[in-house]
Amino acid sequence: MAILNTILTIVLFASAILTSILILMHSGKGTGVSDMIASSMYNSNSGSAVWEKNLDRLTVICAVIFGVTICIMTLTFPLGTIG
């Protein structure tokens with residue numbers, strides 16, 4: 001059980017950090033980090049919809065992994081212990 005909890009903890013932290021980064025990359029009203037990064041990758045007329053769609057998909061996938069990991073950890077983690 002300790003190995004499973006260690007793996008789940010690593011996946012939890014990795015998915016939390018990646019989800020936070022992906023959320024910050026979304027453009028809000030044209031002032032997001034996505035616009036700063038994406039301005040060098042493409043102009044606003046070509047490919048922006050594809051980029052945002054893929055960013056949305058990655059964000060949802062990471063958020064689902066984060067949620068599933070938390071649900072599994074609540075069932076497998078021993079009560080009253082940390083680590």
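The following dialogue works through a predicted model of a protein chain.

Biologist: What makes up the secondary structure of the protein chain?

Modeller: The protein chain holds three helices and zero strands. Along the sequence these elements follow the pattern α-α-α.

Biologist: How do you know that the length of helix α1 agrees with its number of residues?

Modeller: Helix α1 covers residues 2-25, which is 24 residues.

Biologist: Why is Asn5 called buried?

Modeller: Asn5 is found in helix α1. Its relative accessible area is 8%, and the word buried applies under 20%. Asn5 therefore counts as buried.

Biologist: Which residues of α1 are buried?

Modeller: They are Asn5, Leu8, Leu12, Ser15, Thr19, Leu22 and Met25. In an α-helix there are 3.6 residues a turn, so residues three or four places apart point the same way.

Biologist: Which residues does Asn5 touch, leaving aside those up to four places away in sequence?

Modeller: Asn5 touches Thr76, Phe77 and Pro78. With Thr76 there is also a polar contact between the side chains, at 3.2 Å.

Biologist: What makes the pairing of Thr76 and Asn5 a polar contact?

Modeller: A polar contact requires N or O atoms within 3.5 Å, one able to donate a hydrogen and the other to accept it. The side chains of Thr76 and Asn5 are joined at 3.2 Å, and this pair is listed as a polar contact.

Biologist: Why does Ala63 count as partly exposed?

Modeller: Ala63 is placed in helix α3. A relative accessibility of 37% falls between the limits of 20% and 50%, so Ala63 counts as partly exposed. Ala63 and Ser20 are 43 residues apart in sequence and 9.2 Å apart in space, C-alpha to C-alpha.

Biologist: Why is Ile3 called exposed?

Modeller: Ile3 lies in helix α1. Its relative accessibility is 66%, and exposed applies over 50%. Ile3 therefore counts as exposed.

Biologist: What makes up the nonpolar surface patch?

Modeller: The patch is formed by Ile3, Ile7, Val11, Ile61 and Ile65, with an area of about 450 Å². Helices α1 and α3 (48-76) each supply at least two residues to the patch, and α1 gives the most, with three.

Biologist: What share of the residues in the protein chain is buried?

Modeller: Of the 83 residues in the protein chain, 22% are buried. The accessible surface of the protein chain comes to about 6000 Å², and 75% of this surface belongs to carbon and sulfur atoms.

Biologist: What share of the contacts between residues at least 6 apart in sequence joins residues at least 24 apart?

Modeller: Among those contacts in the protein chain, the share is 67%.

Notes. Residues are numbered from 1 along each chain as its sequence is written. This is a predicted model: local features need pLDDT of at least 70, side-chain atom pairs count only at pLDDT 80 or more; totals for chains, interfaces and linings use all residues. Side-chain values use heavy atoms; hydrogens and water are left out. Helices (H or I, at least four residues) and strands (E, at least two) are DSSP runs, numbered from the N terminus. The expected span of a helix is 1.5 Å times one less than its number of residues. Buried means under 20% relative accessible area, exposed over 50%, partly exposed in between (1.4 Å probe, protein chains only). Patches are made of residues with over 30% relative accessible area and no salt bridge: like charges are joined within 9 Å, nonpolar side chains (Val, Leu, Ile, Met, Phe, Trp, Tyr) within 5 Å. Accessible areas come from the Shrake-Rupley method with a 1.4 Å probe; for residues, only the protein chains shown count as cover. A salt bridge is a side-chain nitrogen of Lys or Arg within 4 Å of a carboxyl oxygen of Asp or Glu. Contact means heavy atoms within 4.5 Å.
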